[in-house]
Amino acid sequence: MTATATASATTTFAPADTRMASLRAIYIIWYRDILRYWRDRWRLVASLAQPLLFLIVFGSGLGSALGRGTVFGAAGGFSYIQFVFPGIVGMAILFSAIFGAMSIVWDREFGFLKEVLVAPIDRSAVAIGKALGSTTQAMIQGLILLVLAPLVGVKLSFLTIAEVIPLAALLAFGLSSFGVALASMMKSLQGFQVVMNFLMMPMFFLSGALFPLTNLPGWMTVLTRLDPASYGIDPLRRVVLSDSGRPSALVERFGLTINGQVLPIPLEAGIVLAFGAVMLGIAVVMFQRRD
Amino acid sequence: MSRAEAVIQASGLVKRYGQVEAVRGIDLAVGHGEIFGFLGPNGAGKSTTISILCTLLTPSAGSAKVAGIDVVQDPARVRQRIGLVFQDPSLDDVLTGRENLEFHAWLYGVPTSERRKRIDEMLALLQLTDRARSQVRTYSGGMKRRLEIARGMLHQPQILFLDEPTLGLDPQTRQSIWTHLNELRDTKGITIFMTTHYMDEAEYCDRIAIIDRGKIVALGTPDELKAMVGGDVVTITSSKSDDAAAEIERLLGVTPVRDNGSLRMEVPDAKVFVPRLVRDLTAPVDTVTLRRPSLDDVFLKLTGHAIRDEEAGTKDQMRAMASRWMGRRR
């Protein structure tokens, strides 16, 4: 057989197929993540343990300390456990999104990434596929926690759940893209601990998941407004608590403010989307560099 | 071989890392359907060269064409035409064997209508059909290697590149990998380019390039290379070794070297020499040992140092550590 005969038997791409090839690559990278997520059911259970612990310990422990005389003590208002519940949903999303996206670093360390990077595909597909895979996982992790709503006395209608889903997806997307961008800059597992301690934990604590972002010291107010997770968790809370039958002013009281103005939910959603898009852009550029 | 026939062709390849020259001017041409081996110790520049040919690294100087396509100018088209088996494992071990192959077929745009057929064929060829639905983490080292070879062949490449494909495998498994590679060459008509630091493996190749310190020091068939040593090594012992030595020198025209009470001589062809020796000598010959020169002898002669295996030992250990880590992680 001559070399030309073999060449014609080989699959070749016409330039018009490139876009299709990229979409196909994004799909298969996303699909692999979902397959792994589904196969690793223990991880699914284990990753729900932490938010559950937070909900029980913070919700009950801190809840009883934050009684009369606080924002949670008023008759007919929200208890602390009700307040913290959407925050814990946000926390589950935050952690699974960043961890999920950063599994790229594991893939790099243990070789699989090489198989993807040498394939004749546009490398931006790797970043996008991974971000979407991790978005899907994080969203599911967050939404699963909603089944606990009746236990903490939070009512949820189907309509509310339908509103929560896109907001959860948006938060998951923003943070997954952030995770992929971080992972694209990390060459080994060593930076992982640093990211965990100096980025994820502060992002979580400052996001308003555990306490209302009102009446804080000035420096802290600034930091909480710089935290992209704040803009994702606040709309989650306002929507989740909207079915409680209590006056909406009570819900709005927790709302994220800038200069005393409560931010409208679409604006917050826009901020999270823009953050995710910028991070994904950075990740794409980083991946397209040839080592 | 004429240049037109060559499926891999490199001229003047150089790769510098800062001040260090890992590859210092490599020229080679590999013909269609050949099994070509790149032999040398760790750090000789084998992996760097194969990475340049596979478009994973860009050369600092020189040029290379693979399947007739320039590796620097059009890496994507080169990648479509080559299959790769890396030195380090690159499978997803949470997925099954079949899923790993499906993933690859998608990435390389294997048409949907062909996908299943090709996957089945490759699984059968590498004898993985009955384990295809098991997660890769349950596979042995040899099975993982076979799966990687199957994967590298899925998009029907013209050339299969393997970087140390048998590193860390036991001798029996290494043997079976070789059987599979030969079968692939024979049934699929592909060209195989591989690196190894195992001398005995290089013997399976049609041609070998011996590389040391970034340069090719010899290139040829295993027999041609062994002929460079100057023939076979014959060693005899005799109860009257002085008489024997004198007779050998007088009757056969060879000057034996005394070595620990025995007489050692290098002769062009032992097959012809030994019968004459036994027939002509009147001094008693107690034992005759003959040894064909090995590629180790060739390497020693050409470079003045032996291929050492200690470095590989450490590498294997690191590999084992990595897999323990993975086991714990998942």
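This is a predicted model: local features need pLDDT of at least 70, side-chain atom pairs count only at pLDDT 80 or more; totals for chains, interfaces and linings use all residues.
This is a short tour of two chains, with something to select at each stop.

**Before you start**

Residues are numbered from 1 along each chain as its sequence is written, while chains are lettered from A and ligands numbered from 1 in the order in which they are written.

**Stop 1: all of chain B**

Colour chain B by secondary structure and you get 12 helices and 14 strands. Those labels are DSSP runs numbered from the N terminus, with helices (H or I) of at least four residues and strands (E) of at least two. Along the principal axes, the C-alpha atoms of chain B fill a box of roughly 75 × 45 × 40 Å. Of the 330 residues in chain B, 40% are buried. Here buried takes 20 or more other C-beta atoms within 10 Å of the residue's own, exposed takes 12 or fewer, partly exposed lies in between, and C-beta atoms are placed from the backbone.

Contacts mean C-beta atoms, placed from the backbone, within 7 Å. Among the contacts in chain B with a separation of 6 or more, 71% are between residues 24 or more positions apart.

**Stop 2: B:Phe38**

Zoom to B:Phe38, which is found in strand E3 (residues 35-39) of chain B. Buried or exposed, with 28 C-beta neighbours inside 10 Å? B:Phe38 counts as buried because of those 28 neighbours. Now show what it touches beyond four places in sequence: B:Lys46, B:Thr49, B:Ile50, B:Met194, B:Thr195, B:Ala209 and B:Ile211. To try a distance, pick B:Ala64: it is 26 residues from B:Phe38 in sequence and 16 Å away in space, C-alpha to C-alpha.

**Stop 3**

Select strand E9 (residues 207-212) and strand E10 (residues 215-220) of chain B, which pair in the antiparallel sense over five bridges. (Pairing takes at least two DSSP bridges between the strands.) B:Asp212 has B:Lys215 in E10(B) as its bridge partner. Two residues lie between the strands, and B:Arg213 takes a positive phi near 50° in this hairpin.

**Stop 4: a four-stranded sheet**

Stay in chain B and pick out the open sheet with the order E12-E13-E11-E14 and antiparallel pairing. Strand E12 (257-259) and strand E14 (287-291) stand at the edges with a single partner strand each, so one side of each has no neighbour in the sheet. Direction ignored, neighbouring strands are turned by 25° against each other on average; axes are lines fitted to C-alpha atoms, for helices over the stretch in contact, and angles run from 0 to 180 degrees between N-to-C directions.

Go through the pairs:

- E12(B) and E13(B) are joined by three bridges, and B:Asp259 stands opposite B:Ser262. They form a hairpin with two residues between them, where B:Asn260 has a positive phi of about 55°.
- E11(B) and E13(B) are joined by five bridges, with B:Arg264 as the bridge partner of B:Thr235.
- Strand E11 (residues 232-237) is also joined to E14(B) by five bridges, and B:Val233 faces B:Arg291 there.

**Stop 5: where the chains meet**

Show both chains: 28 residues of chain A are in contact with 31 residues of chain B. On the chain A side, the elements giving two or more residues are helix H1 (3-9), helix H2 (18-39) and helix H5 (112-117). Which helix gives the largest share? That is H2(A), with eight residues. The chain A side divides into 16 nonpolar, five polar and seven charged residues. For these classes, Ala, Val, Leu, Ile, Met, Phe, Trp, Tyr, Cys and Pro are nonpolar, Asp, Glu, Lys and Arg are charged, and the others, Gly among them, are polar.

**Stop 6: a helix pair in chain A**

Finish with helix H7 (residues 158-185) and helix H10 (residues 230-240) of chain A, whose axes come within 9 Å and cross at roughly 170°. That makes H7(A) roughly antiparallel to H10(A) (angles over 145 degrees count as roughly antiparallel, under 35 as roughly parallel, 65 to 115 as roughly perpendicular and the rest as oblique).

Conventions. Two residues are in contact if their C-beta atoms, placed from the backbone, lie within 7 Å.
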